Amino acid sequence: MSFEAGVGRGNHPASVFRCGLVISATPELPAVSEQADRLVELGVHRLAGWSATRLRAAAETAVGAGPLLALHPDLVPVSLLAPMLNLDGKPGFVVVDMADVDEFGPTMALPDTPVYMVDGLDRGDAMSNWSPAEADPAIAAADRTPLTLTEGLYWLLQHPEALER
């Protein structure tokens, strides 16, 4: 996939929510510039092959109306993001039997832009313990799309408490 920083080529409309069936209050996330600073602090820009300046500039022009800044998974794969997670001093990791985690693709089209905003964040607590076969029809019936694995990781990088129940 070829990207140009800051060029918006579409996004999920703000009316298309992401993740679970019941919309909880959207979490308070830092301003986009602060989220970009956090990603720079963690070194995400280097994993994408970008300078800190390029990531910050792309964040300021990211397409979408949501509160969460995300980089396209083609830029930074899950296996590189997971170790950046930290909850109570414990780093994130990918278990050895999930060596193919980077091959898990989204079930819907993502914006054709390297950086975008995610709207309608919801952990999907209403579907806790549901199988994908049970959850997918309910998500579709609610005119929503699932949160991608990388989007979930970006959410946790900005708001680790979202992982706790």
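Start by selecting strand β2 (residues 68-71) together with β5: the two pair in the antiparallel sense over 4 bridges. Pairing here requires that DSSP finds at least two bridges between two strands, and helices (H or I, at least four residues) and strands (E, at least two) are DSSP runs numbered from the N terminus. Before going on, note that this is a predicted model, in which local features need pLDDT of at least 70 and side-chain atom pairs count only at pLDDT 80 or more, while totals for chains, interfaces and linings use all residues. Residues are numbered from 1 along each chain as its sequence is written, and side-chain values use heavy atoms, with hydrogens and water left out.

**Stop 1: Leu 68**

Stay in β2 and pick Leu 68, which lies in that strand. Its bridge partner in β5 is Val 118. Is Leu 68 buried or exposed? Leu 68 counts as buried, because its relative accessibility is 0%; the cut-offs are under 20% relative accessible area for buried, over 50% for exposed and partly exposed in between, with a 1.4 Å probe and protein chains only. Now show its contacts (heavy atoms within 4.5 Å): leaving aside residues up to four places away in sequence, Leu 68 touches, among others, Leu 29, Tyr 116, Met 117, Leu 121, Tyr 154 and Trp 155.

**Stop 2: strand β5**

Move across to residues 115-118. β5 is covered on both faces, with Val 115 and Met 117 buried on one side and Tyr 116 and Val 118 buried on the other.

**Stop 3: the core**

Next, look for the largest nonpolar core, which has 37 residues. Such a core is a set of buried Ala, Val, Leu, Ile, Met, Phe, Trp, Tyr and Cys residues joined through side-chain atoms within 4.5 Å. Residues with the most contacts inside this core include Leu 39, Leu 71, Leu 81 and Tyr 154. At least two core residues come from each of α1 (32-42), α3 (52-60), β2, α4 (78-81), β5 and α6 (149-158). Which element gives the most to this core? That is α6, with 5 residues. Select Leu 81 and, beyond four places in sequence, you will find it touching Val 44, Val 76, Thr 150, Leu 153, Tyr 154 and Leu 157.

**Stop 4: helix α3**

Color α3 by burial: Ala 52, Leu 55, Ala 58 and Ala 59 are its buried residues. They sit on the same side of α3 because they cover an arc of only 130° around the axis, the arc being that of the directions from the helix axis to the C-beta atoms. These buried residues pack against α1, α2 (44-47), β2 and β5. Turn to the opposite face to see the exposed Thr 53 and Glu 60.

**Stop 5: helix α5**

In α5 (residues 132-141), the buried residues are Ala 135, Ala 138 and Ile 139. Their arc is only 100° around the axis, which puts them on the same side of α5. Part of their cover is β6 (144-145). The face turned away carries the exposed Ala 133, Ala 140 and Ala 141. After α5 comes Asp 143, whose phi is positive, near 55°.

**Last stop: confidence**

Finally, color by pLDDT, the predictor's confidence in each residue from 0 to 100. The chain has a mean of 82, and 83% of its residues reach 70 or more. Over residues 1-24, pLDDT stays under 50.
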